[in-house]
Amino acid sequence: MPILPLHYMFLSLTLFCIGIMGVLIRRNAIIIFMCVELMLNAVNLLMVAFSKMYVDAGAQVFVFFIMVVAAAEVAVGLAVIVMMYRKVHSVDVNILNRLKH
Amino acid sequence: MGIYDIAFWILTVIAIGCALGVILSRNPINSVLFLIATFFAISGHYLLLNAQFLAIVNIIVYAGAIMVLFLFVIMLMNLNADVEPQKGRLVQLAGVVSGGALLLVLLAALRTAKYPTLESTPNEIGLIQNLGKVLFTQYVLPFEISSVLFLSAMIGAIVIGKKEDSTHSA
């Protein structure tokens, strides 16, 4: 069975949905953050597959930019998580429910 | 079934298995290690897709820099104990069902789509020479803007992460 573009699409969709499940079922803020990274990587994989399909370098440049945004996001996000840990001594996202009260 | 197909399936199994390990393992350190393994599998896929430069950059930036940052934060905050409280069974089930439903809908919608076939001949577009030309001619403005983004992210991380000044505390 030859490898079709659909195989790459299914693989990247599976990784993306695993990331979504992780965001939904975990309470640790760091794990949730890692699942966001997983989703970004799933999108990157699909972009590279499209770049191969259409023989276009633009998609790979966009993967490069997605990596840039992910790196910037991790820097700010981990700083926020560290600050949250300093305030409430936990990274449990269920504690952050002050808007509810 | 050629070597390409075998490599594809092995890398696919590694990627999906390790991604499941990320969300299922109790210990955050194990999650980080599983995520690094997933990134390596994805880099292998990039190599199969003739994106050599992105494969290397993926390993250096993600596995080398971002995940080390995660490991540092986990170890600094001493979170490697298995003390994370779990969500309720019902909430977990709802999360899995909604994620699975989304996967099902997307797969069903894209199953019959028509795509051009993957070019089996190796091409040169993934090499750094070609990518650099495209990046610095066609995409030079986004490249410069991303440097501003990095600068602001750096300043933002420092401002957020620094200790609060006790004399100016509100």
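Biologist: How far apart do the C-alpha centres of domain 1 and domain 2 of chain B lie?

Modeller: This is a predicted model: local features need pLDDT of at least 70, side-chain atom pairs count only at pLDDT 80 or more, and totals for chains, interfaces and linings use all residues. Residues are numbered from 1 along each chain as written, with chains lettered from A and ligands numbered from 1 in written order. Chain B splits into domain 1 (1–81) and domain 2 (127–162), bounds that come from an automatic or database domain assignment. Their C-alpha centres are separated by 23 Å.

Biologist: Which element gives the most to the largest nonpolar core?

Modeller: That core holds 66 residues. A nonpolar core joins buried Ala, Val, Leu, Ile, Met, Phe, Trp, Tyr and Cys through C-beta atoms within 7 Å; buried takes 20 or more other C-beta atoms within 10 Å, with C-beta atoms placed from the backbone. Helices are DSSP runs (H or I, at least four residues), numbered from the N terminus. With 15 residues, the top contributor is α2(A).

Biologist: Why is α2(A) largely enclosed by the rest of the structure?

Modeller: The helix has 26 residues. It is largely enclosed because the buried ones number 20 of the 26.

Biologist: Which element supplies the largest share of the side of chain A that touches chain B?

Modeller: In all, 56 residues of chain A contact 69 of chain B, a contact being C-beta atoms, placed from the backbone, within 7 Å. α1, α2 and α3 of chain A each supply at least two residues of that side. The largest share, 20 residues, belongs to α3(A).

Key: Buried ≥ 20, exposed ≤ 12 C-beta atoms within 10 Å, placed from the backbone. Expected span 1.5 Å × (residues − 1). Contact = placed C-beta atoms within 7 Å.
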